[in-house]
Amino acid sequence: PPVVRKLRANLTENHVSNVTVVPLGLSNQTGTVPLFWHDDDTNEGQATFWANDASNVQQIIDTITVDELVRQQQLTQVNFIKIDVQGAEYQVLQGAQGTLSAFRPVLIFEYDWNWESAGVPFSAVQEYLARFGYVLYTISDSGRLLPIQQATAGEILALASD
């Protein structure tokens, strides 16, 4: 919720009118979940679906799947999806099966220590995305794409193969 407030204020301050803010969490199901964060964290985007030692705030939020959001927004094209949800990337991808199949968007997501809290091995995401014809790359510090040999922390680019 603090990030949504900042986003809306930023859009207003910069006179941006072509952005729709949808204040929902993306997941593998539509419903509600607790969201945890630390109110003194300088990065308010560090909220997670899992409590940790630093968490001191909990709020129930509404969730939706990517597929349901695409349906509700009546999107006829999805070219690109960026996911940075502190370890819940796999859940977001699970809720995007129809979108991945129909639109085959370019994906960028982060792989880091938060995945340990989620209990999802990187290989599960690799196998899942391979079912939709995606090939995964890591993005080097210089911006080069490198084929993924093993789980390496950093930004991951997923491209649908032809």
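Residues are numbered from 1 along each chain as its sequence is written, and side-chain values use heavy atoms, with hydrogens and water left out. Because the model is predicted, local features are reported only at pLDDT of at least 70 and side-chain atom pairs only at pLDDT 80 or more, whereas totals for chains, interfaces and linings use all residues.

The chain contains 6 helices and 8 strands, which are DSSP runs numbered from the N terminus (helices being H or I with at least four residues, strands being E with at least two). Along the sequence these elements follow the pattern α-β-β-β-α-β-α-α-β-α-α-β-β-β. Of the 162 residues in the chain, 36% are buried, a residue being classed as buried under 20% relative accessible area, exposed over 50% and partly exposed in between (1.4 Å probe, protein chains only). The chain exposes about 9700 Å², of which carbon and sulfur atoms supply 49%; accessible areas come from the Shrake-Rupley method with a 1.4 Å probe, and for residues only the protein chains shown count as cover. Among contacts in the chain with a separation of 6 or more, 64% are accounted for by residues 24 or more positions apart, contact meaning heavy atoms within 4.5 Å.

An open sheet of 3 strands is found in the order S1-S3-S2, with mixed pairing. Strand S1 (25-26) and strand S2 (31-37) stand at the edges with a single partner strand each, so one side of each is left without a neighbour in the sheet. Two strands are taken to pair if DSSP finds at least two bridges between them. S2 and strand S3 (residues 57-64) run antiparallel and are joined by 7 bridges; here Trp 37 stands opposite Val 57, and Val 33 has Ile 61 as its bridge partner. S1 and S3, by contrast, run parallel and are joined by 2 bridges, with Leu 26 opposite Ile 64.

The largest nonpolar core comprises 26 residues, of which Leu 100, Leu 107, Phe 109 and Leu 129 touch the most other members; such a core is a set of buried Ala, Val, Leu, Ile, Met, Phe, Trp, Tyr and Cys residues joined through side-chain atoms within 4.5 Å. At least two residues of this core are supplied by each of helix H2 (66-72), strand S4 (80-83), helix H3 (89-94), strand S5 (106-111), helix H6 (122-130), strand S6 (134-139) and strand S8 (154-160). H6 gives the most to this core, with 5 residues. When neighbours within four places in sequence are left aside, Leu 100 is in contact with Leu 93, Pro 105, Leu 107, Tyr 128, Leu 129, Phe 132 and Tyr 134. A second, separate core of 6 residues includes Val 33, Leu 35, Val 57 and Ile 61.

In H6 the buried residues are Phe 122, Ala 124, Val 125, Tyr 128 and Leu 129. These residues cover an arc of only 155° around the axis, which puts them on the same side of H6, the arc being that of the directions from the helix axis to the C-beta atoms.

A search of the whole structure finds 2 aromatic pairs, where rings of Phe, Tyr and Trp (its six-membered ring) pair if their centres lie within 6.5 Å, and planes under 30 degrees apart count as stacked, over 60 as edge-to-face and the rest as tilted. The ring centres of Tyr 90 and Tyr 128 are 5.6 Å apart and their planes stand at 90°, so the pair is edge-to-face. This pair links distant parts of the chain, Tyr 90 in helix H3 and Tyr 128 in helix H6 being 38 residues apart. Tyr 90 is buried, with a relative accessible area of 17%, and Tyr 128 counts as buried at 4% relative accessibility. The rings of Tyr 128 and Phe 132, with centres 5.2 Å apart and planes at 65°, likewise form an edge-to-face pair. Tyr 90, Tyr 128 and Phe 132 form one aromatic cluster.

Two further positions were examined individually. Thr 138, in strand S6, is buried with a relative accessible area of 14%, and, not counting residues up to four places away in sequence, touches Arg 144, Leu 145, Leu 146, Ile 148, Glu 155 and Ile 156. Ser 161 is found in the segment after S8 and counts as partly exposed at 33% relative accessibility. Its contacts, leaving aside neighbours within four places in sequence, are with Arg 104, Gly 133 and Val 135. The C-alpha atoms of Ser 161 and Phe 132 are separated by 8.9 Å, although these residues lie 29 residues apart along the chain.
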